[in-house]
Amino acid sequence: MTELNRRLMPRLMWDSALPRVDFQREELANGDRLTLLPGGDESVVILYVFFPIGGDDEEARIVANSAMTLLLRGSESQSDEKVTERLDRLGTELNSFAQKDYVGVMLVSTTEAFEESLGLLLELLTQPRYGEQSFLSWQGREVVALGVTEQTPEFAARKALWQKMLKAPHRYRKVETQEDVRALRVDTVRRYYREYVSECCCDVMACGPKADAWQTALRQHFSQRRSGRAVASCRMPLVPAGRGCVISEAVQRQQASVQLARVLPRAGHDGAEHLKILTVLLGGYMGSRLMQKLREEKGYTYGVHASVSYFLDGGVLLIASEVGNNSVLECVKDIKGEFSRLRDELLSADELERLRSYLRGQLLRQLDGVYTALGGMYRYELDAGYGADYLARWNAALLGVTPLQLRDAAREWLREESFTLSAAGDADAFSDVVW
C-alpha cells in the first residue's frame, strides 16, 4: 500500500506566457456597461448583472440582499409560480447574490432559450412584483435559516471578529441576523429598488459560444432598459482597531471556531502579490505551513484556511479553522509560531517550488476556457483596485518570487499587533486565551 502524501504534487513545466483571454468591453447608450467573452464550443450562455450597493449604513447590504432575492419572485404580470414554471420549461437557472459591495443576478441558459430567458430577466428587473405575501413567506424562511446558522461557532466568531477588528462604523461590520430580517418591511425593500436598481446603471458580464446571436440579443434587450442613473460606489476607509481578542459563547459548543484577521489596504497596494503568495504558503493549500502543523502533525483540525480578500474599501487577511475546545490555546500558539518562523527563516528551494507549482496550476485552471474565466475574473473587472494588468503582475510575481521576498513580506504583514483574534464555542474551555 502506498501512503498518500498531501504535501507533494507533480512538477509543472511552463513558460512565461499566459493563455489569452479576450474581453470585449462596451457601454450602451443607456449607460449600462457590457463585458463579453465570446469563445468555446458549448451552447451555454452565463450572464452576471451587478449593481453597486447603495447607502453607507450598516444595514445597506442586508436590505440590498433582500431586494435582489425578492426581485426574482414574480413580476407585475407574472406570479412567482409562473416564473418558476417558465424557468423549468426553458431549462434556465436564475439566482440572486450579494457581496460586500455588489448585489446582482446570475443567469445560466442554453443559446436556444437565451433570448426568452433574457426577456424574462429584464421583465423581473424592470417590473418586480414585491408582493406582501411573497415578502412574508421569504422573511419567515430566512429567519428560520438564520436561526440555525446563528447557533454555530463559526457564525459567532465571524460576527464578533468584524465588530472587533474595525474601529469605526462601517457596512462591512454588520453580519445579518434574525433580528435584522424580522425588522425588514416590504416598503423598505421597494424603496431600495427604486433608489438603487430601477433605472440605475449596471455592469453586465457574459460569456458564450463564438456565434454572436446571443450577443446581439443581449445588446438589444439591455438597450431597451431605462437606465442612465449612476449609483456611486461607497468608499469608506477601513479603520483597523489594532490588536484585539474576543471570546464568544456559541449555542453549539461541541467544537470551537478560531478566526484571526487583519485589515489590508485596497487591492493593488505595494507588495500585494507577495502577500498573496505568502498567505497561500501560510494556509492556502494542503502543503501549507498551518495545514501541516495543525492537521497533519497535531491533529487539531480537519482543515485550516488562510486567504486574502479585497473589497472596494480595503482588504482582509483571514485565517480560520475549527478545532476542539480544549485545543484552542495550543492552536493559537502554533499560529503565532508559524508567524514567527516565516518572519525569521527562509523557506527552502523545494518548498518554494511546490508552492509555485500549485499557484501556477491554479492560475492556469482559472483561465481554462471562457466559462471558467468569467467565474474567476469578474472581480478584476469591477472597480476593486486590481487594475487591467493584474493577471500579468500576478504571473510575473509567481515566476520571480524568492525566499527573501517572502520573508520580507512576512515581516511586513504577519505582525501580531495588526491582528484581531476571535474564538467561539464553549468559552469556559478557552477563557484564558489571549492574543
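Mentor: The model is predicted. Start with the sheet of five strands, which is open, has mixed pairing and runs in the order S7-S11-S8-S10-S9.

Trainee: What makes S7 and S9 edge strands?

Mentor: Strand S7 (244–249) and strand S9 (304–311) each have a single partner strand, so one side of each has no neighbour in the sheet. Neighbouring strands here are turned by 15° against each other on average, direction ignored.

Trainee: How do you know that S8 and S10 pair, and in which sense?

Mentor: Two strands pair if there are at least two bridges between them. Strand S8 (residues 256–264) and strand S10 (residues 314–323) have nine bridges, in the antiparallel sense. Within these strands, Leu260 stands opposite Ile319 in S10. Helix H9 (residues 272–283) packs on this sheet and touches S8, S9 and S10, with its direction at about 160° to that of S9.

Trainee: What is the order of the strands in the six-stranded sheet?

Mentor: The order is S1-S2-S6-S3-S5-S4, in an open sheet with mixed pairing. Strand S1 (24–27) and strand S4 (93–98) are the edges, because each has a single partner strand. The twist averages 15° from one strand to the next.

Trainee: Why are S1 and S2 called paired?

Mentor: The cut-off is at least two bridges. S1 and strand S2 (residues 33–38) have four, in the antiparallel sense. Arg25 stands opposite Thr35 in S2.

Trainee: Which strands does H1 lie across?

Mentor: H1 lies across strand S3 (44–52), S4 and strand S5 (102–110), and runs at about 25° to S5.

Trainee: How do you know that the length of H1 agrees with its number of residues?

Mentor: Helix H1 (residues 60–71) has 12 residues, and at 1.5 Å a residue they should span 16 Å; the end C-alpha atoms are 16 Å apart, so the two agree.

Trainee: Why is H1 called mostly covered?

Mentor: Buried means under 20% relative accessible area. In H1, 11 of its 12 residues are buried. Among them are Arg61, Ile62, Val63, Met68 and Leu70.

Trainee: What is noted about the phi of Tyr130?

Mentor: Tyr130 has a positive phi of about 50° although it is not a glycine. Most residues other than glycine have a negative phi. Tyr130 is in the loop between helix H3 (111–126) and helix H4 (132–149).

Trainee: Is Tyr130 buried or exposed?

Mentor: The relative accessible area of Tyr130 is 5%, so Tyr130 counts as buried by the cut-off of under 20%.

Trainee: Why is Glu199 called partly exposed?

Mentor: Partly exposed lies between under 20% for buried and over 50% for exposed. Glu199 is at 31% relative accessibility, so Glu199 counts as partly exposed. Glu199 also has a positive phi, of about 60°, and is not a glycine. Glu199 is in the loop between helix H7 (186–196) and strand S6 (203–208).

Trainee: How many residues line the largest pocket?

Mentor: The lining has 32 residues, of which Val308, Ser309, Tyr310, Arg379 and Tyr386 lie nearest the centre of the pocket. The space in the largest pocket is about 780 Å³.

Trainee: Which elements give two or more residues to the lining?

Mentor: They are H9, S9, helix H12 (349–366), helix H13 (370–381) and helix H14 (390–400). S9 gives the largest share, seven residues.

Terms used
Residues are numbered from 1 along each chain as its sequence is written. This is a predicted model: local features need pLDDT of at least 70, side-chain atom pairs count only at pLDDT 80 or more; totals for chains, interfaces and linings use all residues. Side-chain values use heavy atoms; hydrogens and water are left out. Axes are lines fitted to C-alpha atoms, for helices over the stretch in contact, and angles run from 0 to 180 degrees between N-to-C directions. Contact means heavy atoms within 4.5 Å. The expected span of a helix is 1.5 Å times one less than its number of residues. Buried means under 20% relative accessible area, exposed over 50%, partly exposed in between (1.4 Å probe, protein chains only). On a 1 Å grid over the protein atoms alone, a cavity is a set of points where a 1.4 Å probe fits but cannot get out, and a pocket is an open set with protein on both sides within 12 Å along at least five of seven lines; lining residues have an atom within 4 Å of a point. Grid points are joined across faces, edges and corners, and a volume is the space filled by probe spheres set on the points.
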